[in-house]
Amino acid sequence: MRATKGQKRVVLQDIANETGYTVNTVSRALQNKSDIAKSTCAYIQEVADKMGYVRNNLASSLRSGRSRTIAVIVGEASNPFYATMIDSIHGFAEETGYTVISLCSRDDAKQEQKAIITAISHQVDGILLFPSNYATQTIPLMRQAGIPFVMASRYTEHPDYDYVVCDEETGGYLAGKHLIEAGHRKIAFYYVMEVTYSSEHRTNGLLRATREAGIPDEDVYITHRPDPSQIDAMLKQWKAKGVTGIFAFCDIEAWQLATCIASAGMCDDFALVGFDNIQSVISFPSSLCTIDGQMHALARAAYNILIGRIAGDSTPAKHVVFPVQLVCRGSCGIKK
């Protein structure tokens, strides 16, 4: 008999009454313990399912001290980069018997603080944090609570914190070099907001490539926090100054900029390179040259470190930097 709306929650005692087994036997059968016959486990689980039994993880966590739940806190859930990361982490969690709670900070200090408090209040065993620009204000919450955490994609400069990132500076360098090899001598770097760790390193990499090629710094136009109503004017200004190549901070910003370029009738005037290689997992109609930062491997490494910390790994902080590579799909405007 399945529980219906308005009925009380089905508990182990209800299943014991229905099957004739003790509560202890029912509990162990539902966990597939080896000392309970497989046929008995199957029977009890079938009855539990028909009765609408749902395991009380909170009660289990209070008994064991573990909830087998982790929280993932990202900056912007609508960004395909974060969506891809969350999806990967859910897959890893399923492999290892963990449940994932996904929370969003919107890159805001108060929202990030609220997300961390929510995660801790739900008795999670650990937190995978894609830190906001204000993470230095919120990380102490996790430290004070004594909860394991790992930073992914970005980091704050603290020797005791675990983090997993990709080589952002080399990524900026490869993006700049790719545009230069495609014939562009005046290049713009476009990003919507200043991002901890990433913006500075990608800028430094781009400048390393342009300086190596003998391009003066005044021919590299670094633009951030643009007023959306001024993007058309910015594009016209770049065109007037001779800019032909654009390195966008990430793929989603590259595609947004490409839409503005098309609306302004300038599709033939600018080449684009992005960052993240979103097209490796999501199809888009507009092909984009990009920097591949190994999203899946990065998420896997961060997850594994967190699970290790939850299990008691007390070795020194792990700082993992994944190599990057350039993926050319033709948006660079290579001149034959």
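Strands E4 and E5 (residues 163-166) pair in the parallel sense over 2 bridges, where pairing requires that DSSP finds at least two bridges between two strands and where helices (H or I, at least four residues) and strands (E, at least two) are DSSP runs, numbered from the N terminus. Within this pairing, Val164 of E5 is the bridge partner of Ala152. The model shown here is predicted, with local features needing pLDDT of at least 70, side-chain atom pairs counting only at pLDDT 80 or more, and totals for chains, interfaces and linings using all residues. Residues are numbered from 1 along each chain as its sequence is written, and side-chain values use heavy atoms, with hydrogens and water left out.

E4 also pairs with strand E3 (residues 126-129), again in the parallel sense, over 3 bridges. Here Leu128 has Val150 of E4 as its bridge partner. Together with helix H7 (residues 135-145), E3 and E4 make a right-handed β-α-β unit; right-handed means that, with the strands pointing away from the viewer, the path from the first strand over the helix to the second runs clockwise. Strand E4 (residues 149-152) is covered on both faces.

Turning to the aromatic residues, the structure holds 10 aromatic pairs. Rings of Phe, Tyr and Trp (its six-membered ring) pair if their centres lie within 6.5 Å, and planes under 30 degrees apart count as stacked, over 60 as edge-to-face and the rest as tilted. One of the pairs joins Tyr155 and Tyr163, which are stacked at 4.1 Å centre to centre with 10° between the planes; Tyr155 and Tyr163 are both buried. Phe189 and Tyr191 form a tilted pair, with 5.0 Å between centres and 35° between the planes, and both residues are buried. Phe189 and Tyr191 also belong to one aromatic cluster with Phe247 and Phe249.

Charged side chains meet rings as well. The charged end of Arg202 sits over the ring of Phe275, 3.6 Å from its centre, while Arg208 lies over the face of Tyr173, at 4.2 Å from the ring centre. Such a placement requires NZ of Lys or CZ of Arg within 6 Å of the ring centre and within 35 degrees of the ring normal.

Finally, helix H1 (residues 12-19) has Asp14, Ile15, Ala16 and Thr19 as its buried residues. After H1 comes Gly20, with a positive phi near 90°.

Terms used
Buried means under 20% relative accessible area, exposed over 50%, partly exposed in between (1.4 Å probe, protein chains only).
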